[in-house]
Amino acid sequence: MKLKEQPIGRRPPMSLRDFLERFRPAGTPGASATGVPANRAAERAAELEPALGRLTDVQQQAARIRAAAQEAAEALRRDASREAERLVAAAREQAPEVRRQAAEPLLREARQEADALRAASDRAASVIRARAMERMPYLVDLAVADALRLAGGAQGEP
């Protein structure tokens, strides 16, 4: 089995764990000293306690901010709901006038159309009256002649 050749001056990459292991505390050289082992958990707790304490304060502050924001949002919703109700009531109150204004052009057009139809029918009636006046003497003569003929025929019969 042949190893890969590495370029001169380059080492294989080192893992982070290997790198950090280099800084691990080691005992003093020579004879072993007896003593109390270091309490790493207590050291970490002492180191992290102030930061975690500040984090707790920040979390409480964030909770207060969230609660205030929820109250403000609820107040906005209530105000918006009242405003919406006011707008709906005003719209309902104005609806008849708006409908009247919207219908007015249509009604005006319908009145104009009705006036035009009335004028056309008056003209047609006038033409019919004039024609009737022209024909009336002739028709009266026919009716009188028919009446006389019927009356004369009824008298001549015993």
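Helices (H or I, at least four residues) and strands (E, at least two) are taken here as DSSP runs, numbered from the N terminus. The structure is a predicted model, in which local features need pLDDT of at least 70 and side-chain atom pairs count only at pLDDT 80 or more, while totals for chains, interfaces and linings use all residues. Residues are numbered from 1 along each chain as its sequence is written, and side-chain values use heavy atoms, with hydrogens and water left out.

A salt bridge is a side-chain nitrogen of Lys or Arg within 4 Å of a carboxyl oxygen of Asp or Glu. In one of them, R100 pairs with E104, with 2.7 Å between the closest N and O atoms. These two residues stand four residues apart in helix α2, so about one helical turn separates R100 from E104.

E83 is partly exposed at 36% relative accessibility, as is R86 at 47%.

A further pair in helix α2, R118 and D115, is likewise spaced by three residues, about one turn of the helix. Shared partners also link salt bridges into one network that joins E97, R100, E104 and R108. For R118 and D115, the closest N and O atoms are 2.9 Å apart.

Conventions:
Buried means under 20% relative accessible area, exposed over 50%, partly exposed in between (1.4 Å probe, protein chains only).
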